[in-house]
Amino acid sequence: MRLLDDIHCLYLDFDSFFAAVEQQLHKNLRGRPIGIIPFAGVGNRCIIACSKEAKACGVKSVMSTIEAKAICPDIIFTPQSPDMYRRAHNALICEIESVLPIAAIKSIDELCCDLDKQQRQIPLAIAQDIKRNIHDNIGPYITCSIGFAANRQLAKIACKMDKPNGITIWHPDNMPEALYRCSFDDIPGIGKNMMLRLQKANIHTVQQLYNINPKHMRKLWRNVTGERLWYALHGYDIKAPESGRMMIGHSRVLPPEHRPLRDAKTVCRFLLIKAARRLRREHFYAGGLHLYLSLRERRWSRSRTLPIVHDDQAILAGFEHLWRELQSETNPYDLAFKVSITLFELSPAFERQLDFLHGDDRERIKWEKINTAVDTLNAKYGKTVAGMGVMPTQNLQHVGGKIAFTRIPAAQDF
């Protein structure tokens, strides 16, 4: 680990990405405050993303539609278009890579690039080239903020300093004074609970945090993450270790016509099939299933062990068991407003180990072959052309492929 004496990283964050894509696509939304909602029609309780214009009025993501309307009476609510966000992401990646290679795609609206020796001399020109490419070849309503710094952590913080559509360059010669102007909110890894812990330790500013020693940071965070953050803030060449896949899941806010439990079950079942398809695509098996429902009067959740599987039939059998438990504990006339399914205890396909007394039976091997055939068809055509059971379509056009902040949906998810 070495202390860096030059800018080595570019971090890019698209401004209000989902809303910007909608504005680029629809002329009537340009320059106006808009909020992205889960589905068309009535029954939406919250917005899941908003435009720059809406943010300027005080609207925030995950705010109720009623509160957003009170703050910004002119706000326009528009349903999400996840398939278009995926296509926009892919087009934007191509434009950026025509300027310099991308080192890592962090999410659908964030990425970072490593700079070579020559590129470190012209950061402003590189940022302007990227912005020009996006403006000329994609459109002027999708903008990005770009930060340059010694490492990825600092570049990500710098990226936030001049949003929207800004460029911030933090050269090591200008540090740490530039960092001192930040607040704890600007530093990834410092949430509300961590802020309270820092306040109890009499640390109230980023400058005070910067000036403590790495072991003290480790003690405050109660793990090695704090020490890694100390070295990152001080400009060392440090990268977070790659995290392994821990779970795969889908959730859905339900429109009114799908809130009765019978209809909610159909949605859960289909979300589970989508999750199982991702499980196979990423070469994992699952050892557990979790089901969650936000009901009218309470929340219900339960988990069940699975026998290290990835075929639809075996996973759906576990789901049916959980649903029977739900029915035995719930008023049949209750309503579900949100459902979520999660496959957990994942293990790579090449490491699969079964219970000594519970081997693969012939029936499950048959279903795995059927799933392989279905997955091959969907991969060939780049969309869902075959599946198990009936797909719910009414007002659920993007079920299983909804807006995604932490991953880029595959074409087969739609």
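The following questions and answers go through a predicted model of one protein chain, from its overall form down to single residues.

User: What radius of gyration does the protein chain have, and what would a compact globule of 414 residues have?

Analyst: The C-alpha trace spans about 65 × 55 × 45 Å along its principal axes. The radius of gyration is taken over C-alpha atoms, and the globule rule is 2.2 Å times the number of residues to the power 0.38. For 414 residues that rule gives a value near 22 Å, with which the chain agrees, its own radius of gyration being 24 Å.

User: How many helices and strands are there in the protein chain?

Analyst: Helices (H or I, at least four residues) and strands (E, at least two) are DSSP runs, numbered from the N terminus. On that basis the protein chain has 14 helices and twelve strands.

User: What share of the contacts with a separation of 6 or more joins residues 24 or more positions apart?

Analyst: Contact means heavy atoms within 4.5 Å. Among contacts in the protein chain with a separation of 6 or more, the share from residues 24 or more positions apart is 66%.

User: What percentage of the 414 residues counts as buried?

Analyst: Buried means under 20% relative accessible area, exposed over 50%, and partly exposed in between (1.4 Å probe, protein chains only). Accessible areas come from the Shrake-Rupley method with a 1.4 Å probe, and for residues only the protein chains shown count as cover. The chain exposes about 20700 Å², of which carbon and sulfur atoms supply 51%. Of its 414 residues, the buried percentage is 50%.

User: Which residues touch the most other members of the largest nonpolar core?

Analyst: A nonpolar core is a set of buried Ala, Val, Leu, Ile, Met, Phe, Trp, Tyr and Cys residues joined through side-chain atoms within 4.5 Å. The largest such core has 35 residues, and those touching the most other members are W170, L179, I190, L198, L209, W221 and L233. Elements that give two or more residues to this core include β1 (9-14), α6 (152-159), α10 (214-221) and α11 (224-233). Of the residues named, W170 touches, among others, I7, F148, L154, M175 and L179.

User: Why is α11 described as largely enclosed by the rest of the structure?

Analyst: Helix α11 is largely enclosed because seven of its ten residues are buried. What covers them includes α6, α7, α9 and α10. The buried residues are G226, E227, L229, W230, Y231, A232 and L233.

User: Where is P176, whose peptide bond from M175 is cis?

Analyst: The bond from M175 to P176 is cis with omega near 5 degrees, and the bond from K163 to P164 is also cis, with omega near 0 degrees. P164 is found in the loop between α6 and β8 (167-169), while P176 is in the loop between β8 and α7.

User: Is V62, with its positive phi, buried or exposed?

Analyst: V62 has phi near 60 degrees, a positive value in a residue other than glycine, and is found in the loop between α2 (52-56) and α3 (65-71). At 69% relative accessibility, V62 counts as exposed.

User: Which residues is R280 in contact with, leaving aside its neighbours within four places in sequence?

Analyst: R280 is found in helix α12 (residues 261-281) and is buried, with a relative accessible area of 10%. Beyond its sequence neighbours, its contacts are H310, D311, D312, N371 and D375.

User: Which residues form a nonpolar patch on the surface with about 280 Å² of accessible area together?

Analyst: Like charges are joined within 9 Å, and nonpolar side chains (Val, Leu, Ile, Met, Phe, Trp, Tyr) within 5 Å. Y381, in helix α14 (residues 362-381), is partly exposed at a relative accessible area of 49%. The residues forming the patch are L377, Y381 and V385.

Terms used: Residues numbered from 1 in each chain as written. Predicted model: local features only at pLDDT ≥ 70, side-chain atom pairs only at ≥ 80, totals over all residues. Heavy atoms only, no water. Patch = residues over 30% accessible without salt bridge, like charges linked within 9 Å, V, L, I, M, F, W, Y side chains within 5 Å. Salt bridge = Lys/Arg side-chain N within 4 Å of Asp/Glu carboxyl O.
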